[in-house]
Amino acid sequence: MSENDLTLGAREVPLGGLRGLTVHRTLPQRGFPTVGAWCFVDHFGPTDHSMAVLPHPHTGLQTVTWPLAGEIRHRDSLGSDVVLKPGELNLMTSGDGVSHSEFSVGDPGAPMHGIQLWVALPSGARTGAAGFEHHPDLPVAHGDGWTATVLLGEVAGAASPATTYTPIVGAELRVGPGWSTVPLRTDFEHAILAVDGGAEIDGEPVAHRELRYLAPGRSEVALHVPTDTTLLLIGGEPFEEELVMWWNFIGRSHEDIQDARDDWQRAAERFGHVDGHGTQVIPAPPLPEVRLTPRRRSVT
Ligand code: MN
């Protein structure tokens, strides 16, 4: 264990709408914006509430959507229209601008459970083209007492086909009862989310829904669980660019965010149009009175 490791608790955030989903957010935290380029971790469910998120915009990031139960219909301004099922990955790259909607499909009241994450795009990619990928069949790495479905990057020789812009890893770990050891890259920082139950991570008890941060410099992590447990591993090279994050936008300055907000409010070409919702969109909230400033890590 490193003295820089720490446990990040989840806060509950309503996603809006009557009977809307409440998500458990472990990233970003005050004073702790990123793990590698990962800058947003929302865990939702298990719940019988459904997802109903009207068209809304993004800039400067990739959205990574990973359902564990329930099916989600994704539509976007690139013309994509995909039903995402458990075990499948949706990866949307916003570049300079994209918009999308997400709705539960299937049996009303069927349980929903999943994780949605954001990856910050580096300079260059963040003002580049938008893109969407649906990966129904991801590689699985096997170790002693664990398997890893690789969403982004590579684990133990199993490499995801998903497009990435920074050195990064993301994987769903399924761990059997007892001890197991999962290899890590020493140049990466990592974090592990306790998705469906608690776990001991390098000897530290981590409760269900908490995120355990692991500082760079380790080649493996020791896990101990009492029963079959699902965890989410994220990591990457520490992201050095300072991010200004507000609502669904990531930029580098207050002006970047202001421009994105103005463009969305006036339905600029930049964000395109998501078919199937008429003129319904989620309007941007008002900007705060104060200037938006970069988020920096101050928690150690
Ligand atoms: Mn979104």
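User: Before we start, what should I know about the numbering and the model?

Analyst: Residues are numbered from 1 along each chain as its sequence is written, and side-chain values use heavy atoms, with hydrogens and water left out. The model is predicted, so local features need pLDDT of at least 70 and side-chain atom pairs count only at pLDDT 80 or more, while totals for chains, interfaces and linings use all residues.

User: Okay, which residues are the protein donors of the manganese ion?

Analyst: Donors are N, O and S atoms within 2.8 Å of the metal (3.2 Å for Na, K and Ca); water is not among the atoms, so sites may look incomplete. Here they are His56 (NE2), His58 (NE2) and His100 (NE2), lying 2.1 to 2.2 Å from the ion. Along the chain their spacing reads H-x1-H-x41-H. His56 belongs to strand S5 (residues 52–58) and His100 to strand S10 (residues 98–105), so this pair ties together parts that are 44 residues apart in sequence. Strands (E, at least two residues) and helices (H or I, at least four) are DSSP runs, numbered from the N terminus.

User: Is His56 buried or exposed?

Analyst: Buried means under 20% relative accessible area, exposed over 50%, and partly exposed in between (1.4 Å probe, protein chains only). His56 is buried at 5%, and His100 is buried at 1%.

User: How do I read an aromatic pair?

Analyst: You describe a pair of aromatic rings by the distance of the centres and the angle of the planes. Rings of Phe, Tyr and Trp (its six-membered ring) pair if their centres lie within 6.5 Å; planes under 30 degrees apart are stacked, over 60 edge-to-face, and the rest tilted. The structure holds 7 such pairs. One of them, Trp246 with Trp247, is tilted, at 6.3 Å centre to centre and 55° between the planes. Trp246 is buried at 12% relative accessibility, whereas Trp247 is partly exposed at 24%.
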